Amino acid sequence: MKRFFVFAAMMLGLASCQNETNIFGVNVNTNEKAVKFTVNVVAPALDETRVAELGYNDSGEGAIKNGVLGTAQDGVTLRYILDIYDADNNRARDRYTAYVDDKAVTFEPVLIPGRKYTFVVWADIVKKDDQGNWVNNLYNVEDLTKVTINEANWKPMDETRDAYTGFKEVANLQATGDIVVDLTRPFGKLRIVTLDRDAVENLHVTPDFASVDYKGVPVYSFNALDGTYTAANATLPKMHAKFAIANYGTNNKTNMTLFTDYFFAPSENEVALGNFTLNVYDDENDNSLITSTTINTTIPVKRNRLTTLTGNLLTINATSFRIIASTGDDFTEWKTIELQ
């Protein structure tokens, strides 16, 4: 079922008088009064089971269902950002930000009825630093028209990479009524699932660590104001050095998720990931390699879609496996690609 966050804007009363300015710095006179609006943020999907650090529920789901909020790490929550733009796409001086887990959020911008506004929302997962301050570590969101990933903090199998965005254009703001903004992911998710875990564990080998070497990842800047993407550069080589494979509750004796990642991707067309290599190890020593698989086939990624690469990745070479693109936790499309 598709979930969305609801932003209900209701007039509370007049909030200004003659010579007062609104958030765009416009002088307000008796013929054009600013009105204080309450923007309520309702997130019905936030009351989820919480899991331990490095443990998740299902690699086919997003951050919320994977219990990221309130993990063993101190200070993990959702950050909601509301930016408001006028008819000329000028951003208001004030930015509205709230840090909440499973509670509703209320913003109270002062706007002028009868004018055109665009409400732009970005919601991502943030943590506190050693000084107890919320830090912007995964995405660069100083300008929501140019959201980019912070490459230095880009880590594998990190469900806190999940984020949501949406915008609502109101041509003629009324003093009463509701404003609803549907939030969806601005990216697609890739996961790699092996089907032969039991075969190697029978040999007393457990896939506990992995590394990934992307030869070229399409890199985009995302414009949350209109939902469009701009190629930041052609492709970006990226090496995820050896990391502990996160545990998902859906892993079993046979099936196991070896890797997950998120990529900015357009909604109309698929984006092809470049070739990459997955190395799987049974401990942290360099000589503990179980298998090294180079993926030479095009991997399609699309906005708000889950792409799953599955096969006997631990016991056979990379000439026979399947790619399955399917839905889960608001990922909205089903597609299966059989590879020979």
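A residue counts as buried when its relative accessible area is under 20%. Keep that cut-off in mind for T118: with a relative accessible area of 4%, T118 is buried. One thing to know before going on is that this is a predicted model.

**T118 and its surroundings**

T118 belongs to strand 10, which covers residues 117-128. Who does T118 touch? Setting aside neighbours within four places in sequence, T118 is in contact with D83, I84 and Y85, with F167, K168 and E169, and with L225.

**The chain as a whole**

Zooming out, the protein chain has 26 strands and one helix. Of its 340 residues, buried ones make up 52%. How much of the contact picture comes from residues 24 or more positions apart? Among contacts in the protein chain with a separation of 6 or more, such residues account for 70%.

**Aromatic rings**

A pair of aromatic rings is described by the distance of the centres and the angle of the planes. There are 18 aromatic pairs in the structure. Here are two of them, side by side.

| Pair | Distance between centres | Angle between planes | Class |
|---|---|---|---|
| Y56 and Y248 | 5.2 Å | 40° | tilted |
| F187 and F264 | 5.9 Å | 50° | tilted |

Why do these pairs get the label "tilted"? Planes under 30 degrees apart would count as stacked and those over 60 as edge-to-face, with the rest called tilted. The planes of Y56 and Y248 are at 40°, so that pair is tilted. The planes of F187 and F264 are at 50°, so tilted is the word there too.

Y56 is in strand 5 (residues 55-56) and Y248 is in strand 18 (residues 247-248), so to speak a link between distant parts of the chain, 192 residues apart. Both Y56 and Y248 are buried.

F187 has 1% relative accessibility, so it counts as buried. F264, at 8%, counts as buried as well.

F187 and F264 also show up in one aromatic cluster, together with W122, Y139, Y220, F222, Y229 and Y262. Elsewhere, a charge meets a ring: the charged end of K242 sits over the ring of Y281, 3.9 Å from the ring centre.

**Empty space inside**

Rolling a probe the size of a water molecule over the atoms shows where empty space is left. Searching the whole structure turns up four cavities of 30 Å³ or more. The largest cavity holds about 120 Å³ of space.

What lines the largest cavity? Its lining has 13 residues, and those nearest the centre are I149, P218, Y262, F263 and F264. Strand 16 (209-223) and strand 19 each supply at least two residues of that lining. With four residues, strand 16 gives the most. By class, the lining has 12 nonpolar residues, one charged residue and no polar ones.

**A loop residue**

Last stop, D182. Its place is in the loop between strand 14 (163-170) and strand 15. Is D182 buried, exposed or partly exposed? At 41% relative accessibility, D182 counts as partly exposed. D182 and Y164 are 18 residues apart in sequence, and their C-alpha atoms are 9.3 Å apart in space.

Technical notes. Residues numbered from 1 in each chain as written. Predicted model: local features only at pLDDT ≥ 70, side-chain atom pairs only at ≥ 80, totals over all residues. Heavy atoms only, no water. Phe/Tyr/Trp six-rings, centres within 6.5 Å; stacked < 30°, edge-to-face > 60°. Buried < 20%, exposed > 50% of the residue type's maximum accessible area, 1.4 Å probe, protein only. Lys NZ or Arg CZ within 6 Å of the ring centre and 35° of its normal. Contact = heavy atoms within 4.5 Å. 1 Å grid on protein atoms, 1.4 Å probe; cavity = no way out; pocket = protein on both sides within 12 Å on 5 of 7 lines; lining within 4 Å. Points joined across faces, edges and corners; volume = space filled by probe spheres on them. Nonpolar A, V, L, I, M, F, W, Y, C, P; charged D, E, K, R; others polar.
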